[in-house]
Structure formats: structure tokens, C-alpha cells
Amino acid sequence: MRCIRYKAGYKYQLKEPYALRIPIRPDKTVASPGDYVRLTPEGELTIREGYAWDGPSGPTIDTASFMRGSLVHGALYQLMRECKDDFPKETYREPADELLYALCREDGMWWLRANWVYYGVRLFGDPAADPANDHPLERAPRSCEP
């Protein structure tokens with residue numbers, strides 16, 4: 001029997017690469033394992049085709065005005081979890097949350113909802129950026145579990 005290994009908890013998958021210049025500039029290039037997310041010191045954020053993320057989190061609905069912000073925010077939080085020495089959450093979490101707000105507003109989100117989103121991630125988002133809370137590796141079928 002051949003087993004599979006995967007990470008659960010994702011709803012969306014990027015079907016083409018996405019790149020954006022952002023105001024967050026690390027001291028050196030940081031990249032996730034597999035190079036799905038890369039951020040340069042010039043602020044060039046690149047997210048590879050095939051990248052999976054969970055969309056908007058919390059008690060909210062997934063709308064067009066929230067999708068791009070959730071993609072970029074999720075990618076930045078992933079860098080905080082997986083590149084903690086070069087992209088620590090203590091330095092980059094607040095700018096990532098501010099960027100989420102800015103992208104949501106740019107994409108047409110009503111200002112009051114964008115504020116709720118921003119304060120929601122400020123109050124409750126810390127565990128999602130914590131390296132200890134990366135999605136666990138799953139195996140299937142059950143007979144493959146160690």
C-alpha cells in the first residue's frame with residue numbers, strides 16, 4: 001500500500017503565480033520551504049502557483065474584497081511560522097496586519113468591516129503566526145500512521 005502525507009486546513013489553491021511589492025522589507029530574502037512564498041529586501045512578495053491557504057479566518061464570510069488580503073496575510077504569517085529567525089513575528093506581525101487592512105480597503109471592503117478584520121487579527125491572530133502552530137503533517141490511510 002502506498003501512503004500519502006499532507007497538511008490539512010486549507011480551502012483555496014492559487015492557480016497562477018501572484019506577485020506584489022509591499023512595504024514590508026526584511027533584511028534578507030526569506031522563503032518558505034519549497035519556495036512557495038518569497039519576500040525580498042526590496043519588498044517583492046512572490047507566491048507560487050499551487051500555494052494553498054485557508055482564506056479569511058474567524059467568524060467572517062469569504063468575499064472578493066477579502067481574498068487577496070487573506071492570501072498575502074496568510075503567506076506572511078507562514079513566513080513568520082517557518083522562517084522565525086529571519087522573519088520574526090515580533091517584528092513583522094503588526095505590519096502584516098496593517099497590510100491586510102490596506103489590501104481589503106483597496107479591494108472595496110467597507111471601512112467598518114476592514115476595521116473589524118484588523119482588530120480581529122490584532123487581538124486573536126498571534127497563535128497563527130507562532131512557529132509552534134504550523135499545520136501538522138497528516139498521513140493516510142490510517143494504517144500509515146506511525
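Modeller: Gladly, and please keep in mind that this is a predicted model. What covers the buried residues of α2 includes β3 (18–21), α1 (64–82), α3 (111–124) and α4 (126–129).

Colleague: Which residues of α2 are buried?

Modeller: In α2 the buried ones are Lys89, Tyr92, Arg93, Ala96, Asp97, Leu99, Leu100, Leu103 and Cys104. They cover an arc of only 165 degrees around the axis, so they sit on the same side of α2.

Colleague: Why would residues a few places apart point the same way?

Modeller: An α-helix has 3.6 residues a turn, so residues three or four places apart point the same way.

Colleague: What span should α2 have, and how far apart are its end C-alpha atoms?

Modeller: Helix α2 has 18 residues, 89–106, and at 1.5 Å a residue these should span 26 Å, while the end C-alpha atoms are 24 Å apart, which agrees.

Colleague: There's a lysine in that buried list. Is lysine 89 counted as buried or exposed, and why?

Modeller: Lysine 89 counts as buried because its relative accessibility is 15%, and the cut-off for buried is under 20%.

Colleague: Which side chain does lysine 89 meet in a salt bridge?

Modeller: The side chain of lysine 89 meets that of aspartate 126, at 3.0 Å from N to O. Aspartate 126 lies in helix α4 and lysine 89 in helix α2, so this pair ties together parts that are 37 residues apart in sequence. Aspartate 126 itself is partly exposed, with a relative accessible area of 32%.

Colleague: Which residues are linked with them in a network?

Modeller: The network of salt bridges links Lys89, Arg93, Asp97, Arg122, Asp126 and Asp130.

Colleague: And how many salt bridges does the structure hold?

Modeller: The structure holds 11 salt bridges, and one of them joins the side chains of lysine 11 and aspartate 62 at 2.9 Å, N to O. That pair links distant parts of the chain, 51 residues apart, with lysine 11 in the loop between β1 (4–7) and β2 (12–13) and aspartate 62 in the loop between β7 (52–53) and α1.

Colleague: Changing topic, which residues form a nonpolar patch on the surface?

Modeller: Trp110, Trp111 and Trp116 form it, and together they have about 440 Å² of accessible area. Tryptophan 110 is found in the loop between α2 and α3, and at 52% relative accessibility it counts as exposed.

Colleague: What takes a positive phi just after α2?

Modeller: That is glycine 108, with a phi of about 100 degrees.

Notes. Residues numbered from 1 in each chain as written. Predicted model: local features only at pLDDT ≥ 70, side-chain atom pairs only at ≥ 80, totals over all residues. Heavy atoms only, no water. Helix = DSSP H or I, 4+ residues; strand = E, 2+ residues; numbered from the N terminus. Expected span 1.5 Å × (residues − 1). Buried < 20%, exposed > 50% of the residue type's maximum accessible area, 1.4 Å probe, protein only. Arc of directions from axis to C-beta. Contact = heavy atoms within 4.5 Å. Patch = residues over 30% accessible without salt bridge, like charges linked within 9 Å, V, L, I, M, F, W, Y side chains within 5 Å. Areas by Shrake-Rupley, 256 points an atom, 1.4 Å probe, with all protein chains shown as cover. Salt bridge = Lys/Arg side-chain N within 4 Å of Asp/Glu carboxyl O.
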